[in-house]
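Subject: Structure handover

Hello,

Here is the structure I promised to pass on. Please open it first, then read the notes below it.

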Amino acid sequence: MGLETWIRDVPDFPKKGIIFKDITPLIGSAEGLREAVETLRRRYAGRGIEKIVAVESRGFIFGAALAYALGVGFVPVRKPGKLPSATIREEYALEYGTDAIEMHRDALEPGQKVLVLDDVLATGGTLAATCRLVQALGGEIVEVATLIELCFLNGRAKLGNLPYYSVIQVR
Ligand code: AMP
């Protein structure tokens, strides 16, 4: 079965006009979860990746599973005020106003090879800010990946020249 079959569209969540891509049927299925993580593992095995950097909160689900499957470490990127030790911060634009994300200052060493991961690429603001955090610490981004890409929002453009991969494309 295609992974798409486990993605549920929820109209008007969290607000009117948004079709929310709900991954809970996929992660609730032993087969779906394994297939999603295996697809990513097959792509990234042997690429020299040393850390998975993933974004709160759904990125953690796939990020931690993939890090375990690849035998590498996991770095959480979180909303402000959630990480306990010294952090670096990046802001990014929302439709109205700005938001920010943080990562621990000591999460990466310069030159470490990193895969940046989230569940969905929408406008790309969150992942672009995450990449700036990685680069600020000298991490080398091997690729940016999401399970789902909302192609019509062209979030790829925000990632500039960074290589990007999505498992499922929504057009
Ligand atoms: P972005 O606009 O790319 O910065 O997306 C911000 C975050 O919102 C991502 O981490 C996604 O998980 C989430 N997100 C945005 N749009 C959707 C959507 N239509 N369905 C599910 N998650 C979404």
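Predicted model: local features only at pLDDT ≥ 70, side-chain atom pairs only at ≥ 80, totals over all residues.

A polar contact here is a pair of N or O atoms within 3.5 Å.

**Contacts of the ligand**

Start with R58. An N or O atom of the R58 side chain is 3.0 Å from a ligand oxygen. The side chain of D118 also takes part: one of its N or O atoms is 2.6 Å from an oxygen of the ligand. G125 uses its backbone instead, with a polar atom 3.4 Å from a ligand oxygen. How much of the ligand does the protein bury? On its own, the ligand exposes 490 Å², and the protein buries 80% of that.

**The shell around the ligand**

There are 13 residues around the ligand. D118, D119, T123, G124 and T126 come nearest. Which elements each supply at least two residues of this shell? They are β2 (19-22), β7 (113-121) and α4 (125-136). By class, the shell holds five nonpolar, four polar and four charged residues.

**The largest pocket**

Where is the ligand in relation to the pockets? The space taken by the ligand is the largest pocket. That pocket has a volume of about 1200 Å³. Its lining counts 33 residues, and F20, R58, A122, T123 and T126 are the closest to the centre.

Several elements build the lining. β2, β5 (87-93), β6 (98-104), β7 and α4 each supply at least two residues. Which one gives the most? β7 does, with four residues. By class, the lining has 17 nonpolar, six polar and 10 charged residues.

**Backbone points to check**

Most residues other than glycine have a negative phi, and most peptide bonds are trans.

- D12 is in the loop between β1 (8-11) and β2. Its phi is near 60 degrees, a positive value in a residue other than glycine.
- P14 is also in the loop between β1 and β2. The peptide bond from F13 to P14 is cis, with omega near -5 degrees.
- S57 is in the loop between β3 (51-55) and α3 (58-70). The peptide bond from E56 to S57 is cis, with omega near -10 degrees.

Over to you.

Best wishes

Definitions and conventions:
Residues numbered from 1 in each chain as written. Heavy atoms only, no water. Near = heavy atom within 4 Å. Polar contact = N/O pair within 3.5 Å; in protein donor to acceptor, adjacent residues only side chain to side chain. Areas by Shrake-Rupley, 256 points an atom, 1.4 Å probe, with all protein chains shown as cover. 1 Å grid on protein atoms, 1.4 Å probe; cavity = no way out; pocket = protein on both sides within 12 Å on 5 of 7 lines; lining within 4 Å. Sits in = over half its atoms within 2 Å of the grid points. Nonpolar A, V, L, I, M, F, W, Y, C, P; charged D, E, K, R; others polar. Points joined across faces, edges and corners; volume = space filled by probe spheres on them.
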